[in-house]
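Subject: Structure handover

Hello,

Here is the structure for you to take over. Please open it alongside this message.

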Amino acid sequence: MIERAAKKGSWKLLPYQKLKNEYGTSFPDDLYHSLSKQDVYELPLGLNRRLITERWEAFAEQTLDEAGVMIFEFCFIQNPVTVGMVKYDALEGVEGTLEVLEARRKLEHRILDSLGLNKERINNSLYDQETYRTMLMDKLKLHGVIQ
């Protein structure tokens, strides 16, 4: 399992949730809970931001000259922004959470719109996997990625 850890300076980052998903019930619960207490989102905000920024920079360098399609199957910046805003802006309750999510959505759209890329948004707010899959396939066909 340790070979799956990414070394970042003096840190080693382990994708424990992916490992839990892969190993299922054979991944010990006590190990999972111990690792989750050391989650990147539990780090001080400055360190959290630095690690996330470094990860995006490495991704950009790696993919800069690659021709191809990148599919992000999650909200573009959901976790870093939402966790940071909730954890450090002291917005509380349902109304505070809704404010954070709306602010994040607006920021996400502004950033995505500013990128000089071919991009498509697919709304999966109904969490209907078959409809989502069909919409994704249609977009990929539209752009000639698949037939």
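Below is what was found, from the whole chain down to single residues.

First, the ground rules. This is a predicted model, where local features need pLDDT of at least 70 and side-chain atom pairs count only at pLDDT 80 or more, while totals for chains, interfaces and linings use all residues. Residues are numbered from 1 along each chain as its sequence is written, and side-chain values use heavy atoms, with hydrogens and water left out.

**Overall fold**

The protein chain has six helices and two strands. Helices (H or I, at least four residues) and strands (E, at least two) are DSSP runs, numbered from the N terminus. The order along the sequence is β-β-α-α-α-α-α-α. The C-alpha trace spans about 45 × 40 × 35 Å along its principal axes.

Of the 147 residues, 17% count as buried. Buried means under 20% relative accessible area, exposed over 50%, and partly exposed in between (1.4 Å probe, protein chains only). The chain exposes about 11,500 Å², and carbon and sulfur atoms supply 54% of that area. Accessible areas come from the Shrake-Rupley method with a 1.4 Å probe; for residues, only the protein chains shown count as cover.

Contact means heavy atoms within 4.5 Å. Of the contacts with a separation of 6 or more, 36% are between residues 24 or more positions apart.

**Helix α1**

Tyr16, Leu19 and Lys20 are the buried residues of α1 (residues 16-23). They cover an arc of only 100 degrees around the axis, which puts them on the same side of α1. The arc is that of the directions from the helix axis to the C-beta atoms. These buried residues pack against α2 (29-36). Asn21 and Glu22 are exposed on the other side of α1. Just after α1, glycine 24 takes a positive phi of about 60 degrees.

**Helix α3**

Helix α3 has 19 residues. From its first C-alpha to its last it reaches 27 Å, close to the 27 Å expected at 1.5 Å a residue. The expected span is 1.5 Å times one less than the number of residues. Leu47, Asn48, Leu51, Ile52 and Thr63 are buried in α3. Their arc around the axis is only 130 degrees, which puts them on the same side of α3. The face turned away from that buried side carries the exposed residues Gly46, Arg49 and Glu61.

Tryptophan 56 also lies in α3 (residues 45-63). At 31% relative accessibility, tryptophan 56 counts as partly exposed. Together, Trp56, Met70 and Phe72 make a nonpolar surface patch of about 260 Å². Patches are made of residues with over 30% relative accessible area and no salt bridge: like charges are joined within 9 Å, nonpolar side chains (Val, Leu, Ile, Met, Phe, Trp, Tyr) within 5 Å.

Glutamine 62 is exposed, with a relative accessible area of 56%.

**Helix α5**

Helix α5 (residues 93-114) has 22 residues and reaches 32 Å from its first C-alpha to its last, close to the 32 Å expected at 1.5 Å a residue. Gly96, Val100, Arg104, Glu108 and Leu112 are its buried residues. They cover an arc of only 125 degrees around the axis, which puts them on the same side of α5. Glu95, Arg110, Asp113 and Ser114 are exposed on the face turned away from the buried side.

**Salt bridges**

A search of the whole structure finds seven salt bridges. A salt bridge is a side-chain nitrogen of Lys or Arg within 4 Å of a carboxyl oxygen of Asp or Glu. Three of them follow.

- Aspartate 29 pairs with lysine 20 (3.2 Å, N to O). Lysine 20 is buried, with a relative accessible area of 19%.
- Arginine 121 pairs with aspartate 113 (2.6 Å, N to O). Arginine 121 is partly exposed at 41% relative accessibility.
- Glutamate 120 pairs with lysine 139 (3.1 Å, N to O). Glutamate 120 lies in the loop between α5 and α6 and lysine 139 in helix α6, so the pair ties together parts that are 19 residues apart in sequence.

**One backbone point**

Tyrosine 127 has a positive phi of about 55 degrees although it is not a glycine. Most residues other than glycine have a negative phi. Tyrosine 127 sits in the loop between α5 and α6 (129-142). Tyrosine 127 is exposed, with a relative accessible area of 70%.

Best wishes
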